[in-house]
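Open the model in your viewer and keep the selection panel at hand. We will go stop by stop, and each stop tells you what to pick next.

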Amino acid sequence: MLILPVNIHTQIAAHGAASYPHEGCGLLLGAAEDGRNVVTAACPLPNVWPVVSEKPERFRIDPNDWRDVELEAISEGLDVIGIFHSHPDHPPVASPRDLAWASWPGYSYLITQVIAGEPGMSRSWQLAADRSGFNEEAVEIV
Amino acid sequence: MATIRIPTPLRPYSGGQSSVVVSGTNVGDALLDLTRQHPQLQSHLFEGEALRSFVNVYLNKEDIRGLQGSNTTLKPDDTLMIIPSIAGGRS
């Protein structure tokens with residue numbers, strides 16, 4: 001389960017809208033507690049996918065950006081607990097590309113749909129333990 | 001002895017520890033010692049004998065691929081970070 005404060009969800013949705021028609025992305029910070037990922041901050045990051053014309057359907061996070069966010073999070077007593085990205089004009093469902101380039105089970109993959117530049121619904125996913133696919137997780141917006 | 005920071009989702013496989021002190025005089029030996037101490041980390045970090053393609057290792061903020069890779073020498077107060085490469089997309 002992903003516990004997400006409403007103001008942070010608003011921030012994430014706004015980043016998806018601002019990134020439109022490209023995919024927007026970033027990291028979820030907080031704590032992993034008893035099987036729940038509890039978000040206390042979100043950090044938007046550049047989509048560094050190398051082919052600009054493909055950014056409406058691809059994203060990549062620079063590992064150097066992730067490193068810097070993680071060091072800052074450590075100093076604030078937070079952990080990186082997930083990744084967020086937007087799907088422009090496409091349902092917020094984890095795709096084969098998301099699966100192919102996923103990392104470890106346990107991170108939340110929050111996906112926000114953006115339709116014609118307006119943010120829509122968000123759904124969250126976790127990689128299966130055997131890496132065979134994504135399972136949807138409940139999102140509690142608080 | 002150097003310290004390796006453990007990514008959040010891998011802590012169930014490191015006894016809940018966010019960092020692990022390891023022996024070894026280079027990065028490769030340090031990672032080997034990490035998986036000796038916590039064998040369940042092996043399959044999450046390695047595919048066969050090689051690091052998984054999405055796994056990046058940083059030594060004091062520098063990607064080891066820009067240093068000497070797994071042969072990079074470690075000092076006792078060094079810290080290694082394990083950072084994933086993440087990409088994806090709607091289709």
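Which residue in S8(A) is the bridge partner of Trp125(A)? Select Trp125(A) and look across: the partner is Glu136(A). Strand S7 (residues 118-127) of chain A and S8(A) pair in the antiparallel sense, over four bridges. Two strands count as paired if DSSP finds at least two bridges between them. Helices (H or I, at least four residues) and strands (E, at least two) are DSSP runs, numbered from the N terminus.

**Before you go on**

This is a predicted model: local features need pLDDT of at least 70, side-chain atom pairs count only at pLDDT 80 or more, and totals for chains, interfaces and linings use all residues. Residues are numbered from 1 along each chain as its sequence is written, while chains are lettered from A and ligands numbered from 1 in the order in which they are written.

**Stop 1: all of chain A**

Select chain A. It has three helices and nine strands. Along the sequence the pattern is β-α-β-β-β-α-β-α-β-β-β-β. The radius of gyration of chain A is 14 Å, close to the 14 Å that the globule rule gives for 142 residues, so chain A is as compact as a globular protein of that length. That radius is taken over C-alpha atoms, and the rule is 2.2 Å times the number of residues to the power 0.38. The C-alpha atoms fill a box of roughly 40 × 30 × 30 Å along the principal axes.

Now colour by burial. In chain A, 47% of the 142 residues are buried. A residue is buried if 20 or more other C-beta atoms lie within 10 Å of its own, exposed if 12 or fewer, and partly exposed in between; C-beta atoms are placed from the backbone.

**Stop 2: the sheet**

Show the strands of chain A. Eight of them form an open sheet with mixed pairing, in the order S8-S7-S6-S5-S2-S3-S1-S9. Strand S8 (134-137) and strand S9 (139-141) of chain A stand at the edges with a single partner strand each, so one side of each is left without a neighbour in the sheet. From one strand to the next, the twist averages 35°. Next, select helix H2 (residues 63-75) of chain A. Helix H2 packs on the sheet and touches S2, S3 and S5 of chain A. Its direction makes about 135° with that of S5(A). Such angles run from 0 to 180 degrees between N-to-C directions; axes are lines fitted to C-alpha atoms, for helices over the stretch in contact.

**Stop 3: strand S2 and its two partners**

Select strand S2 (residues 25-33) of chain A. Nine bridges join S2(A) to strand S3 (residues 36-45) of chain A, and the two run antiparallel. They form a hairpin with two residues between them. In the turn, Asp34(A) has a positive phi of about 50°. Click Gly26(A): its bridge partner in S3(A) is Pro44(A). In S5(A), Gly26(A) stands opposite Phe84(A).

Move to strand S5 (residues 79-88) of chain A. S2(A) and S5(A) pair in the antiparallel sense over six bridges. Leu29(A) has Val80(A) as its bridge partner there. Is S5(A) mostly covered or uncovered? Mostly covered: ten of its ten residues are buried. S5(A) also pairs with strand S6 (residues 108-115) of chain A, over seven bridges in the parallel sense. Look for Ile83(A) opposite Tyr109(A) in S6(A).

**Stop 4: chain B**

Select chain B. You will find two helices and eight strands. From the N terminus on, they run β-β-α-α-β-β-β-β-β-β. Buried residues make up 36% of its 91 residues. The C-alpha trace of chain B spans about 45 × 30 × 25 Å along its principal axes.

**Stop 5: where the chains meet**

Select the contact between the chains. It takes 19 residues from chain B and 28 residues from chain A. Two residues are in contact if their C-beta atoms, placed from the backbone, lie within 7 Å. On the side of chain B that touches chain A, strand S5 (55-59), strand S7 (79-84) and strand S8 (86-88) of chain B each supply at least two residues.

Finish with a pairing across the chains. Strand S4 (residues 59-61) of chain A and S8(B) pair in the antiparallel sense over three bridges. Click Ile61(A): it stands opposite Ile86(B) in S8(B).
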